[in-house]
Amino acid sequence: MRPQPDFIHEFVPGSSERTLLLLHGTGGNERDLIPLGRELDPNAALLSPRGKVLENGMPRFFRRLAEGVFDLEDLKYRTHELADFVTAAAQHYGFASDNVVAVGYSNGANIAASMLLLLPEILSATILFRAMVPLVPETQPNLSAVRVWIGAGTYDPIIPTAETKRLAELLRGAGADVTMRYFQGKPDHQIESLLLDRWSPRAMSGEEISREELMRLFEAARWAPSSFNAQQWRALYARRGTEHWQTFFDLLVDANKVWAKNAAVLVVFISRKFFDHNDEPSVTHSYDAGAAWENFALQGFHQGLVVHGMEGFDYERARKELRIPDEFQVEAMAAVGKPGRKEWLPEKLQARESPNDRRKLSDSIFEGPFRSR
Ligand SMILES: Cc1cc2nc3c(=O)[nH]c(=O)nc-3n(C[C@H](O)[C@H](O)[C@H](O)COP(=O)(O)O)c2cc1C
């Protein structure tokens, strides 16, 4: 016998208390998200209904009038109907009704968000891929016990980032603990994923990193190319908990201190302005130090560490306190640490804790002479 109210669905029993409610996108069906569900949680039970509304033969969870324009009456009706199905299925299959996590894609994410807003008691957490604001409820639900993860794309052709932020704000306003992840804009041309995926988080755990872990970053810097292979860069560093830490930390501006306090290592990159071999001026000392820093940052990212560049510090004080001779230029600092939780950052920084986009490539390169735009 099927749980009432009826939905065509798949149910895969699990070995833990958690059940993932898998909600497909337009044109999908009850089988689509089963592999994703298993990957997300190998132990959870999986409940995967098929949307009952047909749009040109494609199953959905509620009617829409046009792309992005929802039939709100139908949405509300269907949200209640789906919630009743989850409750009935919990009884039918014997899973815990207070540990249901919705995983929705697109249309499925929108009905999951609608369920959060209209019937907050049904879901304990929600994972939303490419969701919009489904509706604004008349009364604000209490979502203080609910965790929400939202995955969005900076180049999503259907859902602008402002819409994703609006949804996150709506849910946060109701007390939900919301994590947003933007998938990096697509590159204009295909490149190595390490280059595309690297970014500069600020959330760090405060844990130490081992000397060996750290040395691999400097080793990567060592192999950067430089004019005449002169390697004009040098790095001064301080590890948390050592006698040097406070001196380095005190160089930072307050805006950097608030998050860099959880770093494991602070580094000051400098470069010698004259070649070592003849003391002639080096034109590319900064350029070459930049290449070394980028190697350092990429290696750190590859090792799963946070590496964040900083120019927000007192350059003169650094020179004085760290006894940097005049023939060296102070370039920049970097914070290195183990990744931490976004919630440990001040609220304003939490909102900025996602990869940045880039301007168009054609705005940066010119075939032939310089042209102003
Ligand atoms: C030399 C340099 C100095 C920077 N200074 C700061 C800083 O003082 N504070 C900060 O929060 N971020 C700083 N950043 C981080 C940049 O804002 C960040 O790299 C940039 O927005 C691109 O984002 P992404 O690294 O996540 O791709 C700095 C980055 C570099 C390379």
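This is a predicted model: local features need pLDDT of at least 70, side-chain atom pairs count only at pLDDT 80 or more; totals for chains, interfaces and linings use all residues.
Helix 6 passes helix 9 in a right-handed crossing.

**Helix 6 and helix 9**
- Helix 6 covers residues 211-222 and helix 9 covers residues 285-302; their axes come within 7 Å and cross at roughly 140°.
- That angle makes helix 6 oblique to helix 9.
- On the helix 6 side, the contact uses Arg-216, Leu-217, Phe-218, Ala-220 and Ala-221.
- Helix 9 answers with Ala-292, Trp-293, Asn-295, Phe-296, Leu-298, Gln-299 and Gly-300.
- Sort the residues of this contact by type and you get 8 nonpolar, 3 polar and 1 charged.

**Helix 2 and helix 3**
- Helix 2 (residues 72-93) packs against helix 3 (residues 107-118) at an angle of about 85°, and the axes are 9 Å apart.
- Angles from 65 to 115 degrees count as roughly perpendicular, so helix 2 is roughly perpendicular to helix 3.
- From helix 2, the residues taking part are Leu-75, Lys-76, Arg-78, Thr-79, Leu-82 and Ala-83.
- They meet Ile-111, Ser-114, Met-115 and Leu-118 in helix 3.
- The contact of helix 2 with helix 3 splits into 6 nonpolar, 2 polar and 2 charged residues.

**Around the ligand**
- The ligand has Trp-199, Ser-200, Asn-256, His-308, Gly-309, Met-310, Glu-311, Gly-312, Ala-332, Pro-355 and Asn-356 around it.
- Strand 14 (residues 306-310) is the top contributor to this shell, giving 3 residues.
- By type, the shell around the ligand comes out as 4 nonpolar, 6 polar and 1 charged.

Key
Residues are numbered from 1 along each chain as its sequence is written. A residue is near a molecule or strand if its C-beta atom, placed from the backbone, lies within 6 Å of it. Helices (H or I, at least four residues) and strands (E, at least two) are DSSP runs, numbered from the N terminus. Ala, Val, Leu, Ile, Met, Phe, Trp, Tyr, Cys and Pro count as nonpolar, Asp, Glu, Lys and Arg as charged, and the others, Gly among them, as polar. Axes are lines fitted to C-alpha atoms, for helices over the stretch in contact, and angles run from 0 to 180 degrees between N-to-C directions. Angles under 35 degrees count as roughly parallel, over 145 as roughly antiparallel, 65 to 115 as roughly perpendicular and the rest as oblique. Two residues are in contact if their C-beta atoms, placed from the backbone, lie within 7 Å. A crossing is left-handed if the near helix is turned anticlockwise from the far one by less than a right angle, and right-handed if clockwise.
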